[in-house]
Each structure stands twice: as C-alpha cells, then as structure tokens.
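Thank you for making time this morning.

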Amino acid sequence: MAYSDVHRAFLQAISHHGFISSKQALTILLSIYTEYHTDDTIPNEHHLVGVITSINAKIARYSQKIKLVRFEPNRTDYYVFCNLSDRSLADRLHPCYTDSEVAYFWIVLKEIACGEGQSASPFLCLNLNEHITDRPRVSKVRAEELLDEWTRAGYFFPESNGTWILGVRTVAEFGQFLRDKFEDKIDVCLLCKEAAFYGVRCRHCPETFHTRCINTYLQRLTVCPGCKEVWIVTVDGLKSEEEVPKLPRGSM
C-alpha cells in the first residue's frame, strides 16, 4: 500500500494522542478507512502493522517512531508515538513547558525511576518542586496541574495502592535515556537488552525479563536464560511479589 492519506491521518491521530491501545488503534484505522477507502475493506491487525511500518519508514529521519509496547502493570498493548532523538529532555518534551516545569518533570522522573520499588507517592511528587534551586520554583497549584497532565499523557501511571509508577509513554520514550543516566538503578531484560521497569525475575538469580520476552523463550526451553536453573515462576497471572517493581534491585 503506497503512502497515502490513510497513513497521514493515522500519524496525525497518534501524534495528537501520544499513545493509544492496540484496540483503539484498530478503531481509529477503521474510521480512517471508512473516510478514505472506496472499497469495503475492514482493516485488521495485518493492515495496522503495515500502515505503522510505512509511517515509521517516513518519520525515522526525524528520530521519531511509533512503538508497540506491552505495558505490564495493566497487561495492555499500546502504540506510542516516540521522540527518540538524543537531544536534551527539554527539547524532547512539548515546547509549551517552561524551563522550571521541565526541571520539575526531570526531578519527578528521577525520583520514581530510582526510588524504592520504582514508585513514589503523589504527596512526595507534589513536594519535589522544592528541589528546584537554580531557577524559579513551580507553584504547588501548578505542580498539581502538571502531575495530573503528565499522568493523563501517559508519563506516569497511578497504581491501585495509591503510588505512582512510570507510565507507558515514559517506558517507550525515555527507557534508554533513563538506562544511560542511571545504569546502576535500572534493570535490563537479559533477552531483548532493553530497560525492564516491569516484568519477572528468576527465583534463582537476579536476572530480569519482560513478560513477553520470557513467555516466548519458555515456549522453547524451560530453564532460566541466565543461570540455566529450571524456571519456576508463573509468568501469566503474576502475583505482586513476582513483579520487578516490588523487588529491590539486587535482592535475592
């Protein structure tokens, strides 16, 4: 399928939303097909992958990419529109934010990524504005607005226990950035070599894996890819203590 109005409309939709579930992506594509296609084609997953592959080939020159991410905290697949440039954090966030607001975002991001269980309470995040010392501080009212905005935008995710963790957009867009900055704090999936903020850890060794990666691996072998001991952790329907954020790094 040649690059067309279908591709342009889908790119516009996902760049506007920032991230959408795979189900939402199909719904959007169906709506676009209805508007631009003259036949009765009903798009499926195959069509969706084809459209996204063509879009990615076009936007790669701008260091942009639509990534498919399995967000393990809610077991949902998302398509995320990512800016993967090596520019500063300020350049990668929306230009509407002030220098102080970007600094505040970075402080909250660092607190969650490097904190106990890679999570933080909303109260703690709200008061992190006091850590801005080299420029005007963000007011408490504005900080509360920003945290709500960034949560809705997919940068942070509220857990059922009231704490916040890194959202799907942060995982997709800033995963490598955080791994480079905090190598000693961020786990890496032994199979795909990407940052593993959520997933499962072997019971016999400290290796961490994305659920999807280890699921695929266990279809062929039944031992841990790291220590080669028999794999005993249930991957589907994980208990909370088997999720990576609940296990402090290096605890065995």
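Predicted model: local features only at pLDDT ≥ 70, side-chain atom pairs only at ≥ 80, totals over all residues.

Residues are numbered from 1 along each chain as its sequence is written, and side-chain values use heavy atoms, with hydrogens and water left out.

By pocket I mean, on a 1 Å grid over the protein atoms alone, an open set of points where a 1.4 Å probe fits, with protein on both sides within 12 Å along at least five of seven lines, and lining residues have an atom within 4 Å of a point. The largest pocket has a volume of about 660 Å³, counted as the space filled by probe spheres set on the points, which are joined across faces, edges and corners. Its lining has 28 residues, and Lys 67, Val 171, Ala 172, Glu 194 and Ala 195 lie nearest its centre. Helix H8 gives the largest share of that lining, eight residues; helices here are DSSP runs of H or I, at least four residues, numbered from the N terminus.

Where does the largest pocket lie? Domain 1 (5-83) and domain 3 (187-239) both give residues to its lining, so it lies between them, with domain bounds taken from an automatic or database assignment.

The second largest pocket has a volume of about 450 Å³, and of its 21 lining residues, Ser 15, His 94, Ala 153, Tyr 155 and Arg 169 are the closest to its centre. Its lining draws at least three residues from each of domain 1 (5-83) and domain 2 (89-170).

Key. Helix = DSSP H or I, 4+ residues; strand = E, 2+ residues; numbered from the N terminus.
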